[in-house]
Amino acid sequence: MSAITPLRDENLQRQVHAAIAQVNKVLLGKARQVKLAFTCLIAGGHLLLEDVPGVGKTTLAHALAASFALDFQRVQFTSDLLPSDIIGVSMYERETGQFRFHPGPVFAGLLLADEINRATPKTQSALLEAMAERQVTVDGQTHALPEPFFVVATQNPLDLAGTFPLPDSQLDRFMLRVSLDYPDASAERELLTGTDRRDLLTRLTPQLDAPSLNLLYRQTQAITASPALLDYLQALLAASRRHPDIRVGLSPRAGLSLLAAARAWAMISDRGHVLPEDLQALFVPLAAHRLVAARGASGEMLARTLLNEVAVD
């Protein structure tokens with residue numbers, strides 16, 4: 001896709017809303033999930049889409065890349081996928097007598113890790129350095145990834161055949177986990193009678209580009225978070241660490257991610273400050289996949305319990 005002329009600051013908000021509206025025309029009836037996805041990318045995070053096959057996870061990833069004019073790479077994760085298939089490999093060149101690094105698909109603006117939990121833990125771990133530090137190391141040499149760099153991973157429910165659970169360290173790299181779920185009746189009817197989603201994807205036009213996305217990220221950091229708001233955020237983190245039903249609570253990295261996502265959510269909502277409602281809207285998608293239960297409860301249930309138990313002062 002061709003680059004877009006950098007936008008003036010006052011136009012960025014309008015272009016963000018245009019991009020969201022465009023994706024909502026492809027992914028019908030999922031306005032909240034689309035807003036969560038945009039929030040994650042604008043905040044500089046990585047997105048995990050977890051649901052049964054066929055509900056639009058891959059379509060959403062394609063639409064995000066098209067709307068942001070990002071270089072897009074897709075890797076289908078399978079049990080025989082190797083780390084070098086993602087990161088790249090150093091190959092000996094007879095002509096020069098030296099090893100030359102051949103970059104893998106991770107060198108993209110947006111990497112779709114499709115069905116990430118169908119790969120073995122060794123291959124899953126190949127993304128850890130890339131997601132945390134925006135770089136990869138091969139044969140002792142460090143290679144920087146493009147800026148910006150995002151991973152959008154899809155994951156099938158763990159009770160489906162041929163899946164490997166993501167380790168906690170991998171899950172913690174994802175800012176948000178979002179479930180698309182089945183469409184409602186009206187959206188499904190439009191899917192059945194309307195234009196094929198693949199055709200709609202080819203018609204998407206870039207609304208923003210990589211420099212604009214970087215500018216959006218810097219602008220979100222200027223969104224105000226009051227001391228009282230930070231007190232509420234810290235209360236949620238502390239409650240997760242002492243709750244009797246939670247074995248592993250939220251880390252400081254999770255707290256930083258929650259604040260960054262809340263600032264992006266507020267900006268998309270046309271506000272220059274974060275409200276407690278922003279934290280509440282994001283808390284379950286951010287916390288549920290990070291909480292480790294002590295007694296078998298689901299992470300989503302535990303996250304909702306924390307929201308109910310921690311009061312807003």
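Two strands are taken as paired if DSSP finds at least two bridges between them. In this predicted model, strand E2 and strand E5 (residues 110-114) are joined by five bridges and run parallel. Within this pair, Gln76 has Asp114 of E5 as its bridge partner.

## Sheet and hairpin

The pair E2 and E5 belongs to an open sheet of five strands, whose order is E2-E5-E8-E1-E9 and whose pairing is parallel. Strand E2 (72-76) and E9 are the edge strands, each of them pairing on one side only. From one strand to the next, the twist averages 20°.

Strands E3 (residues 88-93) and E4 (residues 98-103) run antiparallel and are joined by six bridges. Together E3 and E4 form a hairpin, with four residues between the two strands. Glu93 stands opposite Gln98 in E4, and Tyr92 stands opposite Phe99 in E4. In the turn, Gly97 has a positive phi of about 70°.

## Backbone features in loops

Positive phi is also found in residues other than glycine. Ala69, which is not a glycine, has a positive phi of about 55°; Ala69 lies in the loop between helix H3 (57-67) and E2. Glu115 likewise is a residue other than glycine with a positive phi, here near 55°. The place of Glu115 is the loop that lies between E5 and helix H5 (121-124).

A cis peptide bond runs from Glu147 to Pro148, with omega near 5°. Pro148 is found in the loop between strand E7 (141-144) and strand E8 (150-155).

## Packing of H2 against H13

The axes of helices H2 and H13 come within 12 Å and cross at roughly 80°. Angles of 65 to 115 degrees count as roughly perpendicular, and therefore H2 is roughly perpendicular to H13. On the H2 side the contact is made by Arg32, Leu36 and Thr39, and on the H13 side by Ala281, Leu282 and Pro285. By class, this contact comprises four nonpolar, one polar and one charged residues.

## Pockets

Rolling a probe the size of a water molecule over the atoms shows where empty space is left.

| Pocket | Volume | Lining by class |
|---|---|---|
| Largest pocket | About 750 Å³ | 16 nonpolar, seven polar and seven charged residues |
| Second largest pocket | About 550 Å³ | 15 nonpolar, seven polar and seven charged residues |

The largest pocket holds about 750 Å³ of space. It is lined by 30 residues, of which Glu50, Arg177, Ala288, His289 and Glu300 are the closest to its centre. Two or more lining residues come from each of helix H2 (31-42), helix H7 (168-171), strand E9 (176-178), helix H13 (276-287), strand E11 (292-293) and helix H14 (299-309).

The most is given by H12, with six residues.

Terms used. Residues numbered from 1 in each chain as written. Predicted model: local features only at pLDDT ≥ 70, side-chain atom pairs only at ≥ 80, totals over all residues. Heavy atoms only, no water. 1 Å grid on protein atoms, 1.4 Å probe; cavity = no way out; pocket = protein on both sides within 12 Å on 5 of 7 lines; lining within 4 Å. Points joined across faces, edges and corners; volume = space filled by probe spheres on them. Nonpolar A, V, L, I, M, F, W, Y, C, P; charged D, E, K, R; others polar. Axes fitted to C-alpha atoms, helices over the stretch in contact; angles between N-to-C directions. Parallel < 35°, antiparallel > 145°, perpendicular 65-115°, else oblique. Contact = heavy atoms within 4.5 Å.
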